[in-house]
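This briefing is meant to be read beside the sequence and the structure. It goes from the whole chain to single residues.

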Amino acid sequence: MSILVTGANGQLGTELVQLLKEHNLTVTEWDKDSVDIVDKSAVKKAISEVKPEWVIHCAAFTNVEAAEDELRAVNWEVNVDGTENISEAAASVGAKLVYISTDYVFDGTKEEPYLPEDATNPLNQYGIAKLAGEKIALEKNKATYVIRTSWVFGKYGNNFVYSMLKLAETHKELKVVNDQLGRPTYTYDLADFIRFVIEKNPAYGIYQFSNNGTATWFDFATEILKDKDVTVKPCTSDEFPQKAERPKTSIMSLEKVEQLGFTIPTWQDALVRFKK
């Protein structure tokens with residue numbers, strides 16, 4: 001089986017490539033230096049040469065703050081135009097597509113966990129672009145799996161866990177936002193679910209994957225730093241104003257994934273494995 005991974009040197013891509021290779025799968029790795037996904041002709045030519053059976057589209061512009069103004073055009077080019085190019089090229093060689101999306105497609109006003117089919121209403125430019133990417137992927141390639149995820153952390157790249165551990169080296173007290181609620185996601189577990197999708201071929205469509213359990217950023221930070229000599233105090237989002245508005249409650253239902261027979265570990269369990 002031939003699998004192409006875009007964004008192969010990113011936080012998720014690195015984890016995924018390593019996991020797929022451990023399962024003896026043939027992986028072609030693309031990063032931004034090997035193929036520019038915004039270049040339609042280059043993408044089509046490169047995919048026609050590889051002829052993968054699967055394309056796992058991890059490449060994305062993920063700077064949520066910069067997407068609001070100075071890099072808004074880049075956000076759209078990568079997350080929408082790039083996704084369109086990848087989707088069309090994958091379809092042209094009969095490849096199945098996995099597109100990684102985000103909880104930021106929702107506005108955070110629903111009290112119950114969001115279902116895959118719930119109405120979307122992104123609050124920021126990043127979420128708007130990722131939602132547009134979802135729609136394009138599903139339209140251009142009928143053999144598409146959209147996998148929405150949230151609060152991603154892993155061993156390969158910058159993320160909230162590393163930021164908290166770094167700050168704890170120089171601070172005795174940290175204030176962390178306690179009015180945004182979601183689900184942390186360990187890249188290893190997300191990569192393992194992608195491997196499961198490749199192996200099991202469930203119905204095409206939208207899936208939502210994060211680790212089990214919910215948390216605020218304060219809860220998450222408290223667990224990360226529980227064995228460190230630092231005091232973590234809760235605060236409101238207003239104390240750390242940001243250009244991009246975030247959903248207050250972006251808890252996504254995991255039921256559709258669990259019904260496939262995939263066991264989802266808790267985020268606390270994931271954090272223990274991350275730290276080993």
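This is a predicted model: local features need pLDDT of at least 70, side-chain atom pairs count only at pLDDT 80 or more; totals for chains, interfaces and linings use all residues.

Residues are numbered from 1 along each chain as its sequence is written, and side-chain values use heavy atoms, with hydrogens and water left out.

**Overall fold**

- The chain has nine helices and 12 strands, where helices (H or I, at least four residues) and strands (E, at least two) are DSSP runs numbered from the N terminus.
- Its radius of gyration is 18 Å, close to the 19 Å that the globule rule gives for 276 residues, so the chain is as compact as a globular protein of that length; the radius is taken over C-alpha atoms, and the rule is 2.2 Å times the number of residues to the power 0.38.
- Taken along the principal axes, the box filled by the C-alpha atoms is roughly 55 × 40 × 35 Å.
- Of the 276 residues in the chain, 53% are buried, and the classes used throughout are buried (under 20% relative accessible area), exposed (over 50%) and partly exposed (in between), with a 1.4 Å probe and protein chains only.
- Among contacts with a separation of 6 or more, 82% are between residues 24 or more positions apart, a contact being heavy atoms within 4.5 Å.

**Surface and charge**

- The chain carries 31 positive and 41 negative charges, whose mean positions are 3 Å apart; Lys and Arg count as positive and Asp and Glu as negative, while His and the chain ends are not counted, and the place of a charge is NZ of Lys, CZ of Arg, CG of Asp or CD of Glu.

**Backbone exceptions**

- Most residues other than glycine have a negative phi.
- Lys 51, although not a glycine, has a positive phi of about 50 degrees; it sits in the loop between helix 2 (40–50) and strand 3 (54–57) and is exposed, with a relative accessible area of 57%.
- Asn 201 also is not a glycine and has a positive phi of about 50 degrees; its place is the loop between helix 6 (187–200) and strand 10 (205–208), where it is partly exposed at a relative accessible area of 34%.

**Salt bridges**

- The whole structure holds 22 salt bridges, each defined as a side-chain nitrogen of Lys or Arg within 4 Å of a carboxyl oxygen of Asp or Glu.
- Within helix 2, Glu 49 and Lys 45 lie four residues apart, about one turn of the helix; their side chains form a salt bridge at 2.7 Å, N to O, and both residues are exposed.
- Lys 140 and Glu 84 form a salt bridge at 3.6 Å, N to O; Lys 140 lies in helix 4 (residues 125–140) and Glu 84 in helix 3 (residues 72–92), so the pair ties together parts that are 56 residues apart in sequence.
- Both partners are partly exposed, with Lys 140 at 30% relative accessibility and Glu 84 at 22%, and a network of salt bridges links Lys 40, Glu 84, Glu 88 and Lys 140.
- Asp 118 and Lys 110 form a salt bridge in which the closest N and O atoms are 2.5 Å apart, and Lys 110 is partly exposed, at 26% relative accessible area.

**Buried residues**

- Tyr 207 lies in strand 10 and is buried at 3% relative accessibility; leaving aside neighbours within four places in sequence, its contacts include Tyr 145, Arg 148, Phe 193 and Leu 260.
- Arg 148 belongs to strand 5 (residues 144–149) and is buried, with a relative accessible area of 2%; its C-alpha atom is 8.2 Å from that of Ser 210, which is 62 residues away in sequence.
- Ile 198, in helix 6, is buried at a relative accessible area of 3%; beyond neighbours within four places in sequence, Ile 198 is in contact with Met 1, Ile 3, Leu 20, Trp 54 and Ile 56.
- The C-alpha atoms of Ile 198 and Leu 20 are 10.0 Å apart in space, although the two residues are 178 residues apart in sequence.
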